[in-house]
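Please keep the structure open while reading.

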Amino acid sequence: MSEALFRNEPVPSTPYVADGVSISLAAPLKRYSLRARTAEALETVLNVKVPQKIGATEGGIACLGPDEWLLRTAAETAMPTGAGLPVAITDIGERSICLIVEGPRAAELLMTGCPLDLDNFAVGRATRTIYETVEIIIIREGEDRFHVEVWRSFAAWLWTAFTAAASH
Amino acid sequence: MILIHCPYCDEKRPEIEFANAGQAHIARPLDPSGQSDAEWEAYLFIRANPRGRHHERWRHIHGCGRFFNAVRDTVTDKFETTYKAGEPRR
């Protein structure tokens with residue numbers, strides 16, 4: 001049987017559509033936490049370009065901190081383990097889910113609980129931040145499109161908060 | 001809301017993303033077993049509580065995750081400067 005039959009998501013699978021904004025659950029993604037002292041060390045292991053600046057994204061890799069990156073990929077790509085090298089590559093695929101917030105009011109919706117100035121948040125930028133009391137990772141995929149990564153256990157609450165804010 | 005400059009992200013970020021982590025520049029004694037009880041107590045528990053300029057550790061926990069040092073005025077709550085961990089006291 002398909003693995004999809006066993007998936008139990010904490011939020012509804014049907015998108016919530018309100019005036020100027022919609023909230024939907026993204027398809028399951030593979031996620032890896034990448035830790036290394038330098039971006040070069042990761043580039044050697046992964047053989048792809050790794051962004052240097054905190055907040056930058058490149059090829060599905062977001063730089064979250066001076067020694068921390070998040071790789072999100074839809075494809076079933078084999079990941080090197082980095083065994084024996086000064087890097088840590090950890091599968092965190094099931095730790096979080098991704099909510100897609102779309103529409104002209106997308107930034108406004110996120111700013112109901114997130115203290116960042118998302119009007120001046122460049123497309124392609126990613127950061128860890130907070131929504132009310134819930135830690136999230138915001139990735140601006142487009143002018144009117146954000147990906148919000150949230151831990152599964154917080155997702156039901158965040159969905160309720162988003163949909164309540166969107167209905168106002 | 002106070003904006004705090006994170007020396008790693010190199011931008012001002014909202015206070016709610018940060019956590020205070022107590023007084024800065026407290027070095028663990030290199031030889032713990034050679035310490036007297038009073039010296040060890042001072043290292044573990046005795047902290048400054050100045051009125052005015054205070055060196056503190058802060059962590060950008062809901063951001064880049066890094067600890068850094070800050071100079072904050074305990075009267076006005078204004079941050080004078082922030083700098084990376086490991087840099088000399090300012």
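In which sense do strand β5 and β6 of chain B pair, and over how many bridges?

1. They pair in the antiparallel sense, over five bridges. Strand β5 of chain B covers residues 67–73. One position on the pairing can be named: B:R72 stands opposite B:F79, a residue of β6(B). Bear in mind that this is a predicted model.

2. Next, the contact between the chains. Chain A contributes twelve residues and chain B eleven. The side of chain B that touches chain A comprises six nonpolar, three polar and two charged residues.

3. Chain A has a domain division worth checking on screen. Domain 1 takes in 3–28 + 94–166, and domain 2 takes in 30–91. The C-alpha centres of these two domains of chain A lie 23 Å apart.

4. How do the two domains of chain A meet? Ten residues of domain 1 are in contact with seven residues of domain 2. On the domain 1 side, β9 (126–131) and β10 (134–142) of chain A each supply at least two residues. β9(A) gives the most to that side, with three residues. By class, the domain 1 side has four nonpolar, three polar and three charged residues.

Conventions: Residues are numbered from 1 along each chain as its sequence is written. Chains are lettered from A and ligands numbered from 1 in the order in which they are written. This is a predicted model: local features need pLDDT of at least 70, side-chain atom pairs count only at pLDDT 80 or more; totals for chains, interfaces and linings use all residues. Two strands pair if DSSP finds at least two bridges between them. Helices (H or I, at least four residues) and strands (E, at least two) are DSSP runs, numbered from the N terminus. Two residues are in contact if their C-beta atoms, placed from the backbone, lie within 7 Å. Ala, Val, Leu, Ile, Met, Phe, Trp, Tyr, Cys and Pro count as nonpolar, Asp, Glu, Lys and Arg as charged, and the others, Gly among them, as polar. Domain bounds come from an automatic or database domain assignment.
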